[in-house]
Amino acid sequence: MKQTMKDYTKDDHKIWQLLATTQMNNIPNKAATTYLNCLQQMKTVLNRQEIPEFKKITHWFKNYTGWSIKTVPGLIPPEEFFSLLAEKKFCSSTWLRNANQLDYLEEPDMFHDIFGHIPLLANPVFSAYLSKFGKIGVKNLAHKKKLIQLQRLYWFTIEFGVIQENEILKPYGAGILSSIEETNRIHRQEGVFHPFNVQKIINTDFHTDRLQEEYFVISSFKELFNSLSAFEY
């Protein structure tokens, strides 16, 4: 698959501009500082004015952490997903939600994939975490239990991770930062916030069909990277 820019409609452009503008106005002082800095770094290829072009983003990353975007139709098999992450290829769909899905979307669209996930890939520590995560997944494709544990770790960090900055809880997970409501819930500290504990995470179930109730809070991205040592046995 590939992204074809001319296929986007006027409505698609309006939806992107609305989503990006609303969330960019919402996240200052709420989102993780590292995420905000990365988003600012990428403003020439990821902004509120235009639907992002994957080729331009991939070219931008060549001078930073070396990631590229792999266009996919939607959710893909674990073996393909982990292999791509290991190669620093992040998956993204090309479709955008419609006007009736602005507040919540169960299946990830391009706004979730690009606005939520891509900025932090410019951070060297988070980049290393995600690519190593992929490599560990590739090594454990035959181990169902470990794959379930990795899915849980992905969910509670990459999708719904929270970091503590000067005693303030701030989201860095894409599932939160691509959702106005989720972002504001973290800002209001609604939910149960656990200290980061990889053993507890890999034994905690999650749900995909409603707003989150539990979060795990890291103190730094280095702590996140170091947590992968739990799988090196």
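Here is a short chat about how some strands, helices and loop residues in this predicted model get their labels.

Reader: What should I know before I start?
Author: This is a predicted model, where local features need pLDDT of at least 70 and side-chain atom pairs count only at pLDDT 80 or more, while totals for chains, interfaces and linings use all residues. Residues are numbered from 1 along each chain as its sequence is written, and side-chain values use heavy atoms, with hydrogens and water left out.

Reader: What makes β3 and β4 paired strands?
Author: Strands here are DSSP runs of E with at least two residues, helices are runs of H or I with at least four, and both are numbered from the N terminus. Two strands pair if DSSP finds at least two bridges between them. Strand β3 (residues 162-165) and strand β4 (residues 168-171) are joined by 4 bridges and run antiparallel, so they count as paired. Q164, for instance, stands opposite L169 in β4. In their hairpin, which has 2 residues between the strands, N166 takes a positive phi near 50°.

Reader: How do you know that β3 also pairs with β6?
Author: There are 2 bridges between β3 and strand β6 (residues 214-218), and these two run parallel. The rule asks for at least two, so that pair counts as well. V162 stands opposite V217 in β6, and I163 stands opposite I218.

Reader: Why are β4 and β5 said to stand at the edges?
Author: The open sheet has 4 strands in the order β4-β3-β6-β5, with mixed pairing. β4 and β5 (192-195) each have a single partner strand, so one side of each is left without a neighbour in the sheet. On average, neighbouring strands of this sheet are turned by 40° against each other, direction ignored.

Reader: Why is α4 called oblique to α6?
Author: Axes are lines fitted to C-alpha atoms, for helices over the stretch in contact, and angles run from 0 to 180 degrees between N-to-C directions. The axes of helix α4 (residues 78-86) and helix α6 (residues 124-139) come within 7 Å and cross at roughly 140°. That makes α4 oblique to α6, because under 35 degrees counts as roughly parallel, over 145 as roughly antiparallel, 65 to 115 as roughly perpendicular and the rest as oblique.

Reader: Which residues in α4 and α6 meet?
Author: Contact means heavy atoms within 4.5 Å. F82, S83, L85 and A86 in α4 meet residues in α6 including L130, F133 and V138.

Reader: What makes α1 roughly parallel to α9?
Author: α1 and helix α9 (residues 180-187) pack at an angle of about 5°, with their axes 10 Å apart. Since that angle falls under 35 degrees, α1 counts as roughly parallel to α9. T22, Q23 and N26 in α1 meet I180, T183 and N184 in α9.

Reader: Why is N29 called exposed, while P28 is called partly exposed?
Author: Buried means under 20% relative accessible area, exposed over 50%, and partly exposed in between (1.4 Å probe, protein chains only). N29 has 64% relative accessibility, so it counts as exposed. P28 has a relative accessible area of 41%, so P28 is partly exposed. P28 lies in the loop between α1 (10-26) and α2 (33-41), and N29 lies in the loop between α1 and α2 too. Phi of N29 is near 70°, a positive value in a residue other than glycine.

Reader: How do you know that K88 is partly exposed?
Author: K88 has a relative accessible area of 26%, so K88 is partly exposed. This residue lies in the loop between α4 and β2 (89-92), and K88 has a positive phi of about 60° although it is not a glycine.
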